[in-house]
Amino acid sequence: MPSDRIRDHAGQGAATTVAAHRARRRLRADRARQLADPLRRLLLTGAFPDGVLPHESALAAEYGASRNTVREALDLLRAEGLVERQPGVGTVVVAHKYPHGLDRLMGLAETLREHGQVTNEVRTMGPAPAPAPVADRLGLAPGNDVLYIERLRRLGGLPLSLDLTYIPLDIGAELLGADLENTDVFRLLEAVTGQRLGHAEITLEAVSADTHSAAVLEAPRGAAVLMLERLTHLADGRPVDLEFIRFRGDRITMSGLLHRTR
């Protein structure tokens, strides 16, 4: 019996040791995520002009973290495709994301004009029956035709977004001969209607890229993309533009300025 108690005690000790080891690993993983978040912000906002992050020991000292925690944080950023380890150089920034503000109603070319030229590849364009949810959002009778436009949008030659656009046909018909390859739809809508755009309702969520979207955006199938659903109204309140925009999540960030109201 004493030997059984010894074995039981030894087993409990081993279990305690394993649990403590797992707890330490979880704690280090938590700290790695906590460190990766501010580092991600720094590298995306150009805080490292030469594109090289400080040495691991410098990061550990600055953030009061262990070298192992710093390595795990950098591994997280590497898994996101933001940094790479280069022999003899260190950890370098290899991807850049473009800021898309949510404070103002602007087209993509207007939003990103400081970062290069946005070009549009019009993949599909023409009248089509509006799906019931689309007709409802645009205030149309079920089965009414709309102008449907599918565009691949690039910045600096790299695929950035796949835009699916629905416009009431009484307005959209006048866009059929317009230069959609070089002009934002927003500018064309204002020119055609003679009105300024007023406001837009937006929904932003992360979705997995379907086969078609992944192929067009040159992204891995199933990769996370940012889906922006936007219903834009004219100044008089009429809804005129329903868009479903899939952004490559590794090339865009969304930001806004929020005020707390009482």
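**Exercise 1.** In this predicted model, the second largest pocket holds about 250 Å³ of space. Determine which residues line the second largest pocket and how they divide by class.

*Solution.*
Step 1. The lining of the second largest pocket consists of Arg104, Leu105, Met106, Glu110, Phe186, Arg187, Glu190, Arg196 and Leu197.
Step 2. Sorted by class, four of these residues are nonpolar and five are charged, with no polar residue.
Step 3. Helix α7 (residues 185-193) gives the most to this lining, with three residues.

**Exercise 2.** Describe the largest pocket by its volume, its lining residues and the elements that supply them.

*Solution.*
Step 1. The volume of the largest pocket is about 520 Å³.
Step 2. The lining has 27 residues, and Tyr98, Pro99, His100, His115 and Thr253 are the closest to the pocket centre.
Step 3. Two or more lining residues come from each of α1 (2-44), β3 (98-101), α4 (108-111) and β10 (252-255).
Step 4. The most is given by β3, with four residues.
Step 5. By class, the lining has ten nonpolar, ten polar and seven charged residues.

**Exercise 3.** Decide whether Arg248 is buried or exposed, and identify the partners of its side chain.

*Solution.*
Step 1. Arg248 belongs to strand β9 (residues 239-248).
Step 2. Its relative accessibility is 9%; buried means under 20%, so Arg248 counts as buried.
Step 3. The Arg248 side chain makes a polar contact with the side chain of Asp250 at 2.6 Å.
Step 4. A polar atom of the Arg248 side chain also lies 2.8 Å from the backbone oxygen of Glu218.
Step 5. Beyond neighbours within four places in sequence, Arg248 is in contact with Pro159, Leu160, Leu217, Glu218 and Ala219.

Note on methods
Residues are numbered from 1 along each chain as its sequence is written. This is a predicted model: local features need pLDDT of at least 70, side-chain atom pairs count only at pLDDT 80 or more; totals for chains, interfaces and linings use all residues. Side-chain values use heavy atoms; hydrogens and water are left out. Buried means under 20% relative accessible area, exposed over 50%, partly exposed in between (1.4 Å probe, protein chains only). A polar contact is a pair of N or O atoms within 3.5 Å; within protein, one must be able to donate a hydrogen and the other to accept it, and residues adjacent in sequence count only if both atoms are side-chain atoms. Contact means heavy atoms within 4.5 Å. On a 1 Å grid over the protein atoms alone, a cavity is a set of points where a 1.4 Å probe fits but cannot get out, and a pocket is an open set with protein on both sides within 12 Å along at least five of seven lines; lining residues have an atom within 4 Å of a point. Grid points are joined across faces, edges and corners, and a volume is the space filled by probe spheres set on the points. Ala, Val, Leu, Ile, Met, Phe, Trp, Tyr, Cys and Pro count as nonpolar, Asp, Glu, Lys and Arg as charged, and the others, Gly among them, as polar.
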